[in-house]
Amino acid sequence: MPGSIDPTPAPRVAASVALGPMLIAVDGLSSLGAGPAAARLEALLVERFPGVKASVGVTGWESGEIVLCPPGQLTAPSAGRRAPPLTFGGIETQHSALSAVLKEAVRVSACAVALVAAEPHDDSADWLGTFLNPILEGGFDFVSPAYLRHKADAAINTGIVYPLTRALYGRRLRQPLGGEAALSLPLAHRLLEDPDWSRDPANAGSDGWLVAKVLATEARPCQAWLGAWPRPEGPTEDPSQTLARVLGVVFREMERHAQRWQRVGASAPLTAFGSPGLLDGGAQPPVDRFVTAFQLGERELASVWGLVLSPGARVVLHRAAGVGIERFRIDDSTWARIVYDFAVAHFARLVERRQLLLSLTPLYLGWVASFVLETRGLDVKETEARVEQLCEAFEHEKRYLISRWRWPDSFNP
């Protein structure tokens, strides 16, 4: 479904960077693009940070190891030194490279740790300098990437993860699950000491886990706009699987940090580097199919939604299902309460968790259709203003979330 969801995560380059020693690692020993990606990155590092020597490694999802090579030997990673195995991460059938990369960064006392997508980036944006300099020169602990994308792209980030994360933790992280990250060495030390590596190995090291660990602590985060999105090649993941994969981690982290986010008030902007914005054009999602999927869900998932959603939300959704496509809308307050209702149901286990997350799919597709219809005639600036209104609704409805979270079995909406 073009333009509506984020694709399945692609292999990443992992880089630990210091003004002295430098470590680069590419995720995916079995990936045909791992070696060339590491070579491109090494060349760019030499150009952007002249005089800095780099060791290069490749991390493998299946082998569970990181192979480190000296400069200039990227084509023969098997000759390198093998570091400790990776820790199983939150993405099904894959491993998190974060644990191994953090351990190696600590071992060599690197000044920064970075996970970077293997795809070619937008070199016109000086993306590597924009990404690493906040750690190397700015004193930040965490750099979250943001990309120039078409307004219908990354709808899970725009419609759920961004407004939810912002309302929970009070930090305006525009694209929380960008798939890349840069970290300071002190933060690397703290993350390695976290008990979740053994207590919750299925999720530790995943993107959602990392972002929550940063935003729920006293770490100093910022965000960096890295130019156009380096879109991975390959088929787009089914939206139901994406929702289950992404929100499963996000909702679990909500539970883990509940005492923290219930004390957080209004959000505040984060320091940002680079040039923010959206791209014009782009493929439009099939709105008619999305509305049809929503209408079908409203008929067939009534028993599940009745256990999760407030009566008021059910009335609004029933009315929306009965109008024509051009008039179809899901208002911001209702959508915020729907997302909060599903988070509470996940926490209280009102429905089996995977079934719960899959049942959100028609509602999500309905919201995407509503957003596309509303923003169809808006320019880039107006579209971003529309996203801001959505985020403000999530913040305003946070009182509803807190009430439901504290009394999930006896709320009175």
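1. Let me start with the cavities: this predicted model has seven of 30 Å³ or more. A cavity here is a set of points, on a 1 Å grid over the protein atoms alone, where a 1.4 Å probe fits but cannot get out. Grid points are joined across faces, edges and corners, and a volume is the space filled by probe spheres set on the points.

2. The second largest cavity holds about 120 Å³ of space. It is lined by 16 residues, and those closest to its centre are Asp-153, Thr-158, Arg-174, Gln-175 and Leu-278; a lining residue has an atom within 4 Å of a point. Two or more lining residues come from each of α4 (155–169) and α16 (380–396), with α16 giving the largest share, three residues.

3. What classes of residue make up the lining of the second largest cavity? There are five nonpolar, six polar and five charged residues. In this scheme Ala, Val, Leu, Ile, Met, Phe, Trp, Tyr, Cys and Pro are nonpolar, Asp, Glu, Lys and Arg are charged, and the others, Gly among them, are polar.

4. A word on bookkeeping: residues are numbered from 1 along each chain as its sequence is written. Local features need pLDDT of at least 70 and side-chain atom pairs pLDDT 80 or more, while totals for chains, interfaces and linings use all residues, and side-chain values use heavy atoms, leaving out hydrogens and water.

5. Overall, the chain has 17 helices and 12 strands, taken as DSSP runs (H or I, at least four residues; E, at least two) and numbered from the N terminus. Of its 413 residues, 59% count as buried, that is, under 20% relative accessible area with a 1.4 Å probe, protein chains only; exposed is over 50%, and partly exposed lies in between.

6. The largest nonpolar core has 88 residues, and Leu-247, Trp-335, Phe-342 and Leu-363 have the most contacts inside it. Such a core joins buried Ala, Val, Leu, Ile, Met, Phe, Trp, Tyr and Cys residues through side-chain atoms within 4.5 Å. A second, separate core of 21 residues includes Trp-127 and Ile-135.

7. Finally, look at Arg-406 in helix α17 (residues 398–406). Arg-406 counts as partly exposed because its relative accessibility is 49%. Its side chain makes a polar contact of 2.8 Å with that of Gln-262 (N or O atoms within 3.5 Å, one able to donate a hydrogen and the other to accept it; residues adjacent in sequence count only if both atoms are side-chain atoms).

Methods. 1 Å grid on protein atoms, 1.4 Å probe; cavity = no way out; pocket = protein on both sides within 12 Å on 5 of 7 lines; lining within 4 Å.
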